[in-house]
Amino acid sequence: MLLGSRCALVPVSLGTFFKHLPRSIPTPIFPSKTLTITATIHFDALDSRQKHQIHLYVDTLLDWNQRMNLTAVREACEVMERHIEDSLAIIPPITDSYLSDCGASFGNLSLVDVGSGAGLPGLVLAIACPDWKVTLMESMRKRCVFLEHAVNHVGLSNVEIVRGRAENLGQDVCYREKYDVAVARAVAEMRILAEYCLPLVRVGGLFVAAKGHDPQMEVKNAEKAIQILGASIRQLCPVESHSPYGQRTAIVCLKTSPTPKKYPRDPGTPVKVPL
C-alpha cells in the first residue's frame with residue numbers, strides 16, 4: 001500500500017535499550033547549550049530480537065540496492081557503521097531533549113522521518129524504540145515500495161509509510177502539527193529542511209536534524225527561518241559517527257508556536273527561494 005500502512009502498536013518496553021545508552025552532558029557552546037554524547041556501540045545496546053531485525057533490514061537494503069539506488073554503501077559492515085550507528089546515535093538527543101524541553105515521557109512518541117529514503121533513520125528508530133509510532137514520509141514511489149517490503153520483512157507493527165512531498169503533507173490536516181518529533185537525515189540544508197519539517201510538529205514538540213561535523217554556519221543562516229516557522233534552536237549535540245570526520249551533529253529545535261498557515265509553500269519553492 002503506497003499511500004500508507006497503518007498498523008497496531010506492539011507494547012514492548014524501552015527499558016532494555018535505554019538503560020544502556022549514555023546520557024547527554026550539557027556544555028555551553030552554541031547557540032544556547034550543547035549536549036555531548038559519549039562514544040558507544042549503540043547496536044550492542046539492542047536486545048537479541050532487535051539485533052536480528054537490524055540484520056534483516058541491512059540484508060534487505062543491500063539486496064534491493066542491486067536493483068535500485070538506495071545507498072552508495074555496498075557492504076554490510078559499512079551499512080552498520082555509517083548508517084545504523086548514525087541512526088541509533090540520535091536517540092539520546094531526542095529523548096534527553098524531549099524530557100528537558102517538552103516535560104513529558106518519551107515512551108509513546110509519535111515521530112515522522114521526513115524524506116526517509118531507504119528508511120534512515122526512521123526505520124532503525126522504529127526497531128530500537130518499539131513503543132514509538134513512526135511515520136516514514138517519502139515522495140518517491142519506488143522507495144515507498146522498498147519501505148513497505150522492508151517493514152513487513154523485518155516484522156514491524158509500529159510503522160506507517162506515507163507517500164508524498166513534505167510541502168503538500170505539511171498543509172494536510174491529517175499530518176500538519178500532529179507529531180511529537182520530526183527527524184531528517186541527509187535531505188537538505190537547514191533553512192529548507194526547517195520548512196519541510198516544522199509544519200508537521202505539534203507546538204511543544206521537537207525537530208531534530210542530523211547534520212555534519214561542523215554545521216554552525218548552516219545553523220546560523222537558518223535561525224531566521226526557524227523562528228518564522230514557530231521554533232527556536234535549543235541544542236547542538238555532537239554524536240560519534242563513522243563519517244570521514246568521526247562526528248556528526250544532531251540539531252534540536254523546539255516548536256514554541258504554530259507555524260503560519262502559508263508554510264510550507266508550494267512544492268519546489270523552499271529549495272528555489274529558501275527563507
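Q: Which conventions apply here?
A: In this predicted model, local features need pLDDT of at least 70 and side-chain atom pairs count only at pLDDT 80 or more, while totals for chains, interfaces and linings use all residues. Residues are numbered from 1 along each chain as its sequence is written, and side-chain values use heavy atoms, with hydrogens and water left out.

Q: How many salt bridges are found in the whole structure?
A: The search finds 13; a salt bridge is a side-chain nitrogen of Lys or Arg within 4 Å of a carboxyl oxygen of Asp or Glu. One of them joins Arg 248 and Asp 86 at 3.5 Å, N to O.

Q: Where do Arg 248 and Asp 86 lie?
A: Arg 248 lies in strand E9 (residues 247–255) and Asp 86 in helix H3 (residues 76–89), so the pair ties together parts that are 162 residues apart in sequence. Helices (H or I, at least four residues) and strands (E, at least two) are DSSP runs, numbered from the N terminus.

Q: Are Arg 248 and Asp 86 buried or exposed?
A: Arg 248 and Asp 86 are both buried; buried means under 20% relative accessible area, exposed over 50% and partly exposed in between, with a 1.4 Å probe and protein chains only.

Q: What joins the side chains of Asp 113 and Ser 116?
A: A polar contact of 2.8 Å joins them. Such a contact is a pair of N or O atoms within 3.5 Å; within protein, one must be able to donate a hydrogen and the other to accept it, and residues adjacent in sequence count only if both atoms are side-chain atoms.

Q: Where is Ser 116 found?
A: Ser 116 is in the loop between E3 and helix H5 (122–128), and Ser 116 is buried, with a relative accessible area of 2%. The C-alpha atoms of Ser 116 and Val 187 are separated by 8.5 Å, although these residues are 71 residues apart along the chain.

Q: Changing topic, how many residues of H8 are buried?
A: In helix H8 (residues 190–197), seven of the eight residues are buried, among them Glu 195 and Tyr 196.
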